[in-house]
Amino acid sequence: MSEPVDWTNWLNHELKTPLNRMESLILSLKKSKLSGFSEQKIMMSLMSSLEECRSTIDSLFLFNKIQVDNIHLKLNHYDINTLVTQVCQDLDLVAEAKHVKFIIEAEPLFLIPLDEQLFKRALSNIITNAVKFSPNDSKILISTESINRKFYIQVADQGVGMDENELNKIFDPYYRVEQSSYIPGTGLGLFIAKSFMKSLNGRISVDSVKGAGTTFTMILDVDALEKINQLNEEKIDSSLKGEHAL
Ligand SMILES: Nc1ncnc2c1ncn2[C@@H]1O[C@H](COP(=O)(O)OP(=O)(O)OP(=O)(O)O)[C@@H](O)[C@H]1O
Ligand SMILES: [Mg+2]
């Protein structure tokens, strides 16, 4: 059984690492007479460290939200393809640094009720992994399709892949495949993605071939989401009526 998540330690580690990096980058900027190019690189690194802090705070906030406030998912109608494109754009710089190319194959989909933050964070954790565990100059195919009132969002990479034994553990908190442990990370990204998808009544499946690549599939059940949305609206309606009655 996996150990429970100690969020205080996690937050401490996750925020201090990029903050320490930012401090040393700022110090090196202060000390040296750098060329424009080096300054540019330091600025990029500062920006990505800042983004890391922001994303850690977002994850913790969202995780708290689904644990404490599960019934108050913020559901609005969204076009999945727009959200997918936005997440890819947010991660473009990270991918570009490795010359990794995103290829999006989107089937036109109707709008569905979704909590934008939860969905985007889950997808972003999966695409971030695809970039992290892919070689330079490779491609990541991101596709969407709808079959029988279910939406499938697939992220297929040409990266290091995993064997069955490793695949069975990747959603456990803190688990990281030993072979790729030189790449930074906490082992919580997929655990968070799975929890967020579960709170949207969805799930994630994964296929992988060691040395060849991995495909993650996020599955959303349109009817289940419509149902949660309807219940939420009824709750809001009855609380409004309650207020008027006072
Ligand atoms: N696309 C992938 N290709 C190969 N291995 C992967 C892939 N995605 C996940 N893994 C393996 O699963 C492990 C767990 O992934 P997870 O996202 O939870 O943690 P992480 O990426 O190591 O750290 P974090 O997301 O917390 O920064 C990874 O460390 C890696 O070994
Ligand atoms: Mg990860």
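Modeller: Gladly! Let us start with one word: a residue is buried if 20 or more other C-beta atoms lie within 10 Å of its own, exposed if 12 or fewer, and partly exposed in between. Please keep in mind that this is a predicted model. In α7, the residues G189, L190, F191, I192, A193, F196 and M197 are buried. Across the protein, 24% of the 246 residues are buried.

Biologist: Why is D137 called exposed?

Modeller: D137 has 10 other C-beta atoms within 10 Å. The cut-off for exposed is 12 or fewer, so D137 counts as exposed. You will find D137 in the loop between α5 and β4.

Biologist: And what makes N201 partly exposed?

Modeller: N201 has 16 C-beta neighbours inside 10 Å. N201 sits in the loop between α7 and β6.

Biologist: Let us move to the inside. What makes a group of residues a nonpolar core?

Modeller: The members must be buried residues from a list that includes Ala, Leu, Ile, Phe and Met, joined through C-beta atoms within 7 Å. The largest such core here has 40 residues, and those with the most contacts inside it are A122, L123, I126, A193, F196, L200 and M218. Among the elements that each supply at least two residues of this core are α2, α3, β7, α5 and α7. The largest share, eight residues, comes from α5.

Biologist: Which residues does L123 touch, leaving aside its neighbours within four places in sequence?

Modeller: L123 is in contact with V84, V87, I153 and M218. The word contact is used because the C-beta atoms of such a pair lie within 7 Å.

Biologist: How do you describe the packing of α5 and α7?

Modeller: Two packed helices are described by the angle between their axes and the distance between the axes. For α5 and α7 the angle is about 150°, and the axes are 9 Å apart. The crossing is left-handed.

Biologist: Which residues meet there?

Modeller: From α5 come L118, R121, A122, N125, I126, T128 and N129, and they meet G189, L190, I192, A193, F196, M197 and S199 in α7. By class, the residues of this contact are eight nonpolar, five polar and one charged. Arg is counted as charged, so R121 of α5 falls in that class.

Technical notes
Residues are numbered from 1 along each chain as its sequence is written. Chains are lettered from A and ligands numbered from 1 in the order in which they are written. This is a predicted model: local features need pLDDT of at least 70, side-chain atom pairs count only at pLDDT 80 or more; totals for chains, interfaces and linings use all residues. Helices (H or I, at least four residues) and strands (E, at least two) are DSSP runs, numbered from the N terminus. Two residues are in contact if their C-beta atoms, placed from the backbone, lie within 7 Å. Axes are lines fitted to C-alpha atoms, for helices over the stretch in contact, and angles run from 0 to 180 degrees between N-to-C directions. A crossing is left-handed if the near helix is turned anticlockwise from the far one by less than a right angle, and right-handed if clockwise.
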